[in-house]
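Here is a short briefing to read alongside the model. Keep the sequence and the 3D view open as you go.

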Amino acid sequence: MAYPHAHPREARVLSKHFGEKDAIPIDGWIERGGYKALDKALAASPDDITQIVKDSGLRGRGGAGFPTGLKWSFMPKDGGKPNYLACNADESEPGTFKDREIMRWTPHQLIEGCIISSYAIRAKHAYIYIRGEFVDVVRILNQAVVEAYERGYLGKNIKGSGYDLDLTVHLGAGAYIAGEETGLLNSLEGRRAEPRIKPPFPAQRGAFGMPTTVNNVETLAAVPHIVLNGADWYRQWGTSKSPGTKLFSCCGHLQRPGNYEVPLDFNLRDLVFDLCGGPPKGRQLLALIPGGSSVPIMTADEIDCDVSYEGIEAAGSMLGSGGLIAMDDSTCMVRAVRRMVEFYAHESCGQCTNCREGTSWLAKILRRIERGQGREEDLPLLLDIGANMAGKTICPLSDSAAVPVVSAIQKFGREFEAHIQDGRCTAVN
Amino acid sequence: MIKPQKSTRIVTLTIDGREVSVPGGTTIWEAAKSAGIEIPVLCHDPRLRPVGVCRMCVVDVGERVLAASCVRQASEGMKVRTSSDKIHTCRKTLTELLLSDYPAESRREGATGDDMLLALARDYGIDRSDIAIPAGDGRTQDMTSPVIAVDHAACILCDRCIRACDEIQHNDVIGRTGKGYGTRIAFDLNAPMGNSTCVSCGECAAVCPTGALTNKTLTVQIRPREQLKKIDSLCPYCGVGCAITFHIDPDTNTVVFAEGRHSPGSESRLCVKGRYGFDYAKHPQRLTTPLIRREEFYPKGPLSFAVKGERRGKPGGLVDYGEVMPAFREATWEEALDLVASRLKGIKQRSGPSALAGFGSAKCSNEEAYLFQKLVRAVFGTNNVDHCTRLCHASSVAALLETIGSGAVTNVFSDVHNADVAVVTGSNTTANHPVAATFIKDAAASGTTLIVIDSRETGIARHAHHFLRIEPGSDVALYNAMMHVLIGEDLVNHDYIRDFTEGFEALRELVKKYPPELAEGICGVPAATIREVARVFGRANAAIIFWGMGISQHTTGTDNARCLISLALLTGNIGRAGTGLHPLRGQNNVQGASDAGLIPMVYPDYQKVGEPATQKKFEEAWGVPLDPNPGLTVVEIINGALKGTIKGMYMMGENPFLSDPNSNKVRKALANLDFLCVQDIFLTETAEFADVVLPATSFFEKDGTYTNSDRRVQVGRTALQPPGQARLDWQLVCEIATRMGYEMKYAGAEEIFEEFTSLAPSYAGLDYHNLSPTGKLWPCPDPASSDGKQLLFGDGFPTPSRRGKFVPVEYQPAAELPDDEYPFVLNTGRLLEHWHTGTMTRRSKALDAIEPEAVCELNPDDLEAMALKSGDYVNLSTRRGTITLKVRASRGVAPGNVFVPFHFREASANILTNDALDPFGKIPEYKYCAVKVAPAQPPA
Ligand SMILES: Cc1cc2nc3c(=O)[nH]c(=O)nc-3n(C[C@H](O)[C@H](O)[C@H](O)COP(=O)(O)O)c2cc1C
Ligand code: SF4
Ligand code: SF4
Ligand code: SF4
Ligand code: FES
C-alpha cells in the first residue's frame, strides 16, 4: 500500500483508493465502481437526491459543518435565473491537506460528486475553485475533466438524460481568504477575494449575482457514496448528529502524520496516540488543535472525546476542517500562537477594521512577549482585543485569529506569564 | 431594461425599545436615524452604496455576530439594540485600533477641519498617548498629485474614496491592494497618484473622512471651514453649471478651497476645473487700471511674438507683459471711458450705426449679456451683436429653431437615468462636460444602453455598449442610413409622426437613397453595425440624444443637427421621461447669453428682429427707435473689419484672436479697426489690438445669474473684492451708454435681471429670491412650488403648426478635403484641464501643472510611419498657417487624423482652421480641414 500510513481501525470510504495510481484515470475509476451513482441519480429527480443527502445527515466538511441537504434546499427551483455550484477546493487552512489528496488520487470521485450535486440543485454550470499552488493537482483534475467530457459525463445531455452540465476548473491566486465562500465568489468573478456582507447568502445571490451553492471538496466527494448506497448505509458510522466518516489531516509532532479517515464517533485520543502513534519518543503531548488553526487549542488531557462535531465542542474546541495539529512539550506556545496570528494578519483581506488592525495588533503584542519584552497589561489587552475581534466582522476570519490567542492564554496562561515576568520560555528542550 | 423599483412594503421593527415603521429595503441605520437615534459611522455616507467595512455602526440584532447597521436591512419584527456595553467597547476599541498608526497631525484637521476619526476619539474620550501599541511604519505618503495629498498612515480603508471614484464619478481609478496590514488604497495598478489615470476630480478627497486624502494648498494656506467665509455660488467654467461653495479668506481676499454644493443638476459633484481651477482670479497679471494705447504704437498691430506669429522664446502659456505693456499707458476711468464713448460715437456719426459692432461673451452673466445687447441695439443703433455661441452651437440652435421652434434642450442631462438608450455624438463629454458625463456613465453602468458615435475614441466611448467610429464629417450619411433602417423595418412611432410632426413623406423619400451599405462607404461604419444600432435605438421605449461640437462645428453643422432631431421625431423620443434632445452647452452661460439676446437676429428670449410688433415692444421698453435689420454674425463682423465696413468694436470678455477660425485673417481684421475697446480681466491676445483696455471683474467678483445647459438659471454670488480699480462689467456698459447720450442706471444686478425677465416670457416669474439656493429651470410658471419645467414639448412644439418639422438633408463632404499636399484631417477641441483660450486655466496653478504645454495627438501608427514618438515636435501646416508643438500618441485618434486642442496661444489651433461657414448657423468648420504634419525642431 503506497499511501504513507494506513490503519486497520480506519473506515476508508473516500480514501479507499488513495495511493492507487490506477484509480486516477477514468477507466480505472469506473472499474472501481465510479459513475454508478451518477446513473442512479440521473434516474431520480433532483429533489429525491437532495432528500437522500438530507436523510444521510451529511454536514459540510469545509469547517462550519452546515447540513448539506438543507443548504441545497435553499436553492430556487423556478429556473428564473441560472443556478451555480461552486466547489471550494481552495484548502488553505493551516494544518489541513485532505482535499488535496482527494483530488490527487480520486479526481473522478470529486467530479462525480459535482455532477450529482449540480443535478440536485439544478445547476447547469459548476466551478471547481482550486488553490493555485496545487500545480500538480490542477493538472490531474484538468485531465479528469477532459475525460469526463469525452465520456459524456459532462456537457450536453449527460448519458442521454437530457441534463446538461459544464464544469470549469478555476485557479485561485494565493489568498487564504479566497476559501471563505463569498470571497471565493468574488475571486471567481475576477474581483479581489473580499468576503461579502451576508445576507444576501450565496443561495440568494452568489456567483455573478445568481443563486449558488458552495460546498467543500470532501463534502461533494461523499455525495456519490451516499446516493449509491443510501442514507442508512452512511449512518452506520458516526453519531446521529454527525453521521458518516471524516478525513483528518494529522500533522505536527506525531510519529505517523498523514490523512486518516475515521467514523465520526472515533475517539480523538485514539486517533492521536493509536493511529498517528502519538508524539515522538521521549516527548509529551502538550497541546492539540483538532480542526485547523481556526479552532480553540486543547490541552493534552482534554482530548478524551469522540471526534463528532458535538463531541469536540463539548470538549472545548471544534471539529472545523479536520486539520489536526499536535504539539509536544518542546513547543513554545507563545511562539506557536504568534505564528498562527501572523498567518491571519497576513491573510486578512483588510476590509474590517477589527480584523485588519486587530490581527496586526495581536501579532505585535505577541512578538514583544515572545522577545521577553511583554508587559503585565498585555494579557488583558490581548483578551480585550480578541473579544472585540470576534463576532463583529463580515466574515469569521477575525474570530479565527482571536481564537488561538484567547484559548492559549486561558489554557497556557502560565507560559505567557513566564515570558512576561521572567523573560523565559517554559518549553522543554 | 429593469430599473429597481422602490418598495411599497412597510416593515416594523423595534430599535432600543421603540417601535419604528419604515419602507422595506431601509437599513437599520436609516431606520434609527428616522427615529432620531444616531449611530456612529465611518465608512458610510448616505451618498454612497453602503459596504459595511469599518464596523463602527454595529448593532445587536440578536445574532451571533453584531450586524453593521449601515448595510443590514430592517426586517419585520427585528429587535435592535444600538448601544450596550459590548457595542460601546467595540466602537471604542475600533477607534483605538485605527488611531494606533494615525499620524500625530491629521492633514484634514489642518485642511477642512472635519476629521471624523478624531471626532470619534473625542467622543469616546480616548487619549492617544494611552494607546498601548507602538505605531507601525509601513504606511507611507504619496505627494505626486498636484492637487491631492495621500497619507496612507491616516487611511482607515473605509472604501469611500473607491466608491466615490467608481460609483459617483465612474473613473475607476482607485482600488485596494495588498492584504492584512499591507492593505492600501491604490491608484490603477498601484501607481503613484500623479502618474495614474486619475483625472483629479477630487471626489475622493471630498468624501474621505480622515487625513488620508486631502486637498493641497493652492492659494493661501488651506485651513478649516470655521476660519473661513462661505459663499454659495457656481463653477465659472462649463455649461454643466455645477453648484459650488467657495471658502474665502477675507483678510487676503482669496478663495482657499472649493466644495461641491448640492443642486439637482450636479449633486455636489465637481470636476478638476471647478474644484481646483479657482485661483486665476488672483493671478498677478490681472488688469487693475484702465489702459490707453500709446501714440508710438500706431498703426496698430500685434505686440507679443505669439500673436505676431513669430517663433521664438521659450514655449509657455502666458503672455509676457514686458512685451505688451509698454504699448499702453495707465489712464483714469474718466479719461478712458470718455475716450471710448467719444470714439464710438464719432464712428457712428461719420459712418453710421452699422459700422459699429459688439462681441459679448458666454462667460458673462445674463444681466451683463442683456445690458450689452441693449447697449449695442439701443445706443450703438445696430443689431451687430454676437458672441461665441456662434462658434459652438449656432448650427444646433438654427436647426432646433427651424424644426421644433426652440433652441434649448428638451430635457435635463441627469434624466439619462430614465433612458433605455442614450446616444452621445460629437461630444468628448468626459473632458468638456465632466459632471454631465458622470450621469451618463452612471446610467450606462445601471441599465441604459449607451451608443457613442464619434470620429475620436474619447473617454465616454470607453463606457459605450456600442461605439461607432465614423469618418470625420460623415454624420449625415450615418444618420440617414439609421433612419433608412428605422423606416424600412418599421421601427418608427406612427402615432407620434401623425400627431406631432410634419414633412415625414419628404424624409422617407430622401433616406430611401441611403441604405446602410452606401453609408458604410462614406462613414466607415459596417452596414451591419448601422442596422444593429438603428434597431437598438428604434426599439427603446425612451431614448435621449446628447451632442456636442463634433456635430455643430461643420459646414454641415445645421444638417447634422437636423438629422438628430429627425431621429428623435421619428421615434417619438421627445417630451417624456428619459427622452429628449440635449446639445451640451460649452460655456457656463451659453444658454443664458443667447436667451438674453446676444444674437444679431433676435432680441432677448428669441423674439425676432424685424417683426414689427416685437420691435415696437423693445422700442417702448428702451425708449429709442431700433434697427429693423438683423445684424452680422461673429465671422461676418470680422470679415467686415477686414473690408473696412466695420470700424469700431467693443468686446466684453471675448478673445476672438484665439477663438475664431483662421487667426491670420483675424489679426489683419483687428489691426484694421479704427477703434477697438476690450474689456477683460487679463490682457488677452485680442487686447493687443485695442485702443482702450478696461479692467473688468472676474466671475468671483460679482453677482449675476447664469443659465446652464439644462436651462437651469442659477445665481453666482460675489466671493472676492475686485483687484485694483477693476469695475463691474455692467457698470462699465452703463457708463459707456450714458456717455454716449443714453442714460443707463441700475442699483445692481438684481434690478437688471428684473428688467430682463419682464421682457423675456421664458424667464417670467424668476427673481433672485426664488432662484436661491439651487436655481430653477426655465420656464417656471410656478416658482414658489416648483423647480421649473424639466420636460418640454410633450404636447406639441412652439412652431406655427404646433408640429415638429422633418428637414431631410443630403450628405455633403466637408469644405476642404485632404489631398497629396495636406494629407491629414485636422480636428480641434478641448482638454479636460483647460478652458477655451486658456486665459483662466493657464493661470490656474493646478490646471497648468497638469497640462502645461501645447500638444497635438496622432495615432501611434502614423507617428511610427514618420519615425516620430510622443514628446517630439511637429509642424502642422494648413493653407492658412503653421504651428509648432509637441506630439502625443493616442489610439483614440484614428489614423490619418490630427487632434489639436485650441487652448494654447503659443501654438494656436485657429491659425490652422478653416473659416468656411455653415450657411444656416454661420458656424465655422473647426472640426475639419486638411493639414500636413512634418517633424520639427524644438523651439530655441
Ligand atoms: C477564512 C475562511 C477560510 C475558509 N477556507 C475554506 C477552504 O479553504 N475550503 C473550504 O472548503 N472552506 C473554507 N471555508 C469555509 C467556507 O466559507 C464554506 O463554509 C465552505 O466552503 C462551505 O462548504 P461546506 O458546507 O461543504 O463545508 C473558509 C471559511 C473562512 C471563514
Ligand atoms: S473578518 Fe477579516 S478576512 Fe473577513 S471580511 Fe473582515 S477583514 Fe476580511
Ligand atoms: S483614503 Fe480616505 S476615503 Fe479612501 S479608504 Fe482611506 S480613509 Fe477611506
Ligand atoms: S463639470 Fe463644468 S461646471 Fe462642473 S465643475 Fe467641471 S467645469 Fe465646472
Ligand atoms: S459605518 Fe457601517 S460598517 Fe462602517
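Predicted model: local features only at pLDDT ≥ 70, side-chain atom pairs only at ≥ 80, totals over all residues.

Residues are numbered from 1 along each chain as its sequence is written, chains are lettered from A and ligands numbered from 1 in the order in which they are written, and side-chain values use heavy atoms, with hydrogens and water left out.

**Salt bridges**
- Over all chains there are 83 salt bridges (a side-chain nitrogen of Lys or Arg within 4 Å of a carboxyl oxygen of Asp or Glu).
- D47(A) pairs with R122(A), with the closest N and O atoms 3.0 Å apart.
- That pair links distant parts of the chain, 75 residues apart: D47(A) sits in helix 3 (residues 46-56) of chain A (helices are DSSP runs of H or I, at least four residues, and strands runs of E, at least two, numbered from the N terminus).
- R139(B) forms a salt bridge with E357(A) at 3.1 Å between the closest N and O atoms.
- R139(B) is in a loop of chain B and E357(A) in helix 14 (residues 353-370) of chain A, so this pair joins two chains.
- Both R139(B) and E357(A) are buried (under 20% relative accessible area, with exposed over 50% and partly exposed in between, using a 1.4 Å probe and protein chains only).
- A network of salt bridges links R192(A), E194(A), D159(B), R163(B) and R176(B).

**A buried charge**
- D90(A) lies in the loop between strand 1 (83-89) and helix 5 (98-105) of chain A.
- D90(A) is buried yet has no salt bridge, and the nearest side chain of opposite charge, R131(A), is 5.8 Å away (Lys and Arg count as positive and Asp and Glu as negative; His and the chain ends are not counted).

**Nonpolar cores**
- The largest nonpolar core has 257 residues, and L213(B) and W622(B) have the most contacts inside it (a core is a set of buried Ala, Val, Leu, Ile, Met, Phe, Trp, Tyr and Cys residues joined through side-chain atoms within 4.5 Å).
- Apart from that core lies another, of 61 residues, including Y35(A) and M75(A).

**Ligand surroundings**
- Ligand 2 is surrounded by 13 residues, and I177(A), C349(A), C352(A), C355(A) and C395(A) are the closest (a residue counts if one of its heavy atoms lies within 4 Å).
- Among the residues around ligand 4 are C235(B), C238(B), C242(B) and C271(B).
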